[in-house]
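Subject: Structure handover

Hello,

Here is the structure I promised you. Please open it beside this email and follow along.

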Amino acid sequence: MSDVIVEVRDLGKTYWRVKHRPGILGSFRNLITREYVQVEAVKQVNFQIQTGEIIGYIGPNGAGKSTTVKMLCGILVPTVGSVQSMGLVPYQDRMKYVFHIGVVMGQRTQLWWDLAVIESFNLLAKIYRVPNQQLNETLEQLDSFLQIKELLPVQVRKLSLGQRMRCDLVASMLHRPKLLFLDEPTIGLDVVAKSKIREFLKKINKEWKTTILLTTHDLADIEEVCPRILILDRGTLVYDGDLPRLFEKMGSRQEINTVLKEGQTLEQIQAKITLFPKPESRELRYEDPLHFSILYDARQIEKTELIRFLLEHFVISDLKILDPSIEEVIKRIYQRGETVSSSL
C-alpha cells in the first residue's frame, strides 16, 4: 500500500454565529446586545489519504466540505482534532507547507485580473521559487494536457470561465505540488470544458503521481475521476469507500422497465402482477397499459426471480434492467441521514 500523505483524526470545527432576532424590534435589540449560537461545521471526522489517490469529497451545501478543505490547506485552525499532511501540521507549518500543495477554490482565481496570463504565471513562479528552465518545461507539459499556450498573452479578465479555470489549474501546478486540493473546479462549465479538466486530473495523477482531493456537486466528476469517495452530511463523515460498495449497500432499489406486445389489457396486466409474491417489496408504475416499470427491493426480491415471473406471465416486446444512478444512491443517504459502513 502507498504511504499515507494526509491523516485526519477526530477533526472538528465550531463557529460562533450571531443569532438574529426577527422584526424591527429585534433589529434594534441586535444593535444593543448580541446573542451567539454555536455551529458545528465539522464533527469528529477521521480519514487517511494515500499517496497517489484521487478522492471525491462530496455532500450537500453546508455539509462542511469547504471548511474541511480549508483546514487541510492550513487556512483554518481546527477547533478539535488534528491534521497531518506530508509530516506537517498545515496551520502551524504553513510557510513550508504551501510549497508542497496546490489549491483551486472554485470561482476564486489566483491570477491577477489585469495582467496577461503568462505574467501571472511568472509572478507565481517567483513566489514558489521555480527556476525559469523548470517553469518552461512545466508549462510545456501542462500545455500538452490543457492547451493553454494561445491563452498566455491574453489578459485574465478577457478569458471565458472555462479558459480561466484551465489557467487556474496550470497556476496551481507550476511548482509541481505533491497534493492538489480542488473545490468545485467544474462549476458553471460546459460539457467540453468539464471533460478537459477531468482528463487533466487523470493525467497528472497518472504521470506526475499527484494526490488529489476533489470536492464537487457534479457527480459525473466522481464517476469519471474518483475511485474513492468521502461523503459528508451535516458535518459528519457518513461514507468512506468506493462506488461499487456504496451501490452494494444503498443501491438496493432496482428497476425493470417492461414493454409488452399488443393484445394485453390493463386489467389483465394488473391481475397478473398481483400474483407476484412480496407485494410490499415492489412498486408498479405505468406509462401506458403496455409499458410499465417495476421498482423493487433487491434485498427482498431476486432479480432472476422477477424476470422469470415476467417471462412466464407476459408476452414481452422489450425488457430493460436499470441500475440506480449515483445521484439516487447519494440522495438516499442524505435523506436517511445514516452512516454507511465501508467495510462491506
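This is a predicted model: local features need pLDDT of at least 70, side-chain atom pairs count only at pLDDT 80 or more; totals for chains, interfaces and linings use all residues.

**Helix 7**

Start with helix 7, which covers residues 191-208. It has 18 residues. At 1.5 Å a residue they should span 26 Å, and the end C-alpha atoms are 25 Å apart, so the two values agree.

Now look at both ends. Asp190 caps the N-terminal end of helix 7. One of its side-chain oxygens lies 3.2 Å from the backbone nitrogen of Val192. After the helix comes Lys209, which has a positive phi, near 60°.

Which residues of helix 7 are buried? They are Ala193, Lys194, Ile197, Arg198, Phe200, Leu201, Ile204, Asn205 and Trp208. Looking down the helix axis, these buried residues fall within an arc of 155°, so they line one face of helix 7. The face turned away from that buried side carries the exposed residues Val191, Val192 and Lys206.

What covers the buried residues of helix 7? The cover includes strand 3 (54-58), strand 6 (179-183) and strand 7 (211-215). It also includes helix 5 (132-146), helix 6 and helix 8 (219-225).

**The nonpolar cores**

The largest nonpolar core has 47 residues. Phe121, Phe200, Leu201 and Ile204 touch the most other members. Phe200, Leu201 and Ile204 are also among the buried residues of helix 7. Take Leu201 as an example. Leaving aside residues up to four places away in sequence, Leu201 touches Ile54, Leu180, Leu182, Ile212 and Val225.

There is also a second, separate core. It has 27 residues, including Val45, Leu76, Ile101 and Leu237.

**Salt bridges**

Side chains of opposite charge can pair when their charged atoms come close. How many salt bridges does the structure hold? It holds 12.

- Asp168 and Arg164 form a salt bridge, with the closest N and O atoms 3.1 Å apart. The two residues are four apart in helix 6 (residues 161-173), so about one helical turn separates them. Asp168 is buried, at 0% relative accessible area. Arg164 is buried too, at 8%.
- Asp240 and Arg228 form a salt bridge, with the closest N and O atoms 2.8 Å apart. Asp240 lies in strand 9 (residues 236-242) and Arg228 in strand 8 (residues 228-233), so the pair ties together parts that are 12 residues apart in sequence. Arg228 is buried, with a relative accessible area of 14%.
- Glu140 and Lys149 form a salt bridge, with the closest N and O atoms 3.3 Å apart.

Lys194, Arg198, Asp218, Asp221 and Glu224 are linked in a network of salt bridges. Lys194 and Arg198 bring us back to helix 7, where both are buried.

Finally, find Tyr128. It lies in the loop between helix 4 (117-127) and helix 5. Tyr128 and Val98 are 30 residues apart along the chain, and their C-alpha atoms are separated by 8.7 Å. Which residues does Tyr128 touch, not counting those up to four places away in sequence? Its contacts are Val98, Phe99 and His175.

Best wishes

Definitions and conventions: Residues are numbered from 1 along each chain as its sequence is written. Side-chain values use heavy atoms; hydrogens and water are left out. A salt bridge is a side-chain nitrogen of Lys or Arg within 4 Å of a carboxyl oxygen of Asp or Glu. Buried means under 20% relative accessible area, exposed over 50%, partly exposed in between (1.4 Å probe, protein chains only). A nonpolar core is a set of buried Ala, Val, Leu, Ile, Met, Phe, Trp, Tyr and Cys residues joined through side-chain atoms within 4.5 Å. Contact means heavy atoms within 4.5 Å. The expected span of a helix is 1.5 Å times one less than its number of residues. The arc is that of the directions from the helix axis to the C-beta atoms. A polar contact is a pair of N or O atoms within 3.5 Å; within protein, one must be able to donate a hydrogen and the other to accept it, and residues adjacent in sequence count only if both atoms are side-chain atoms.
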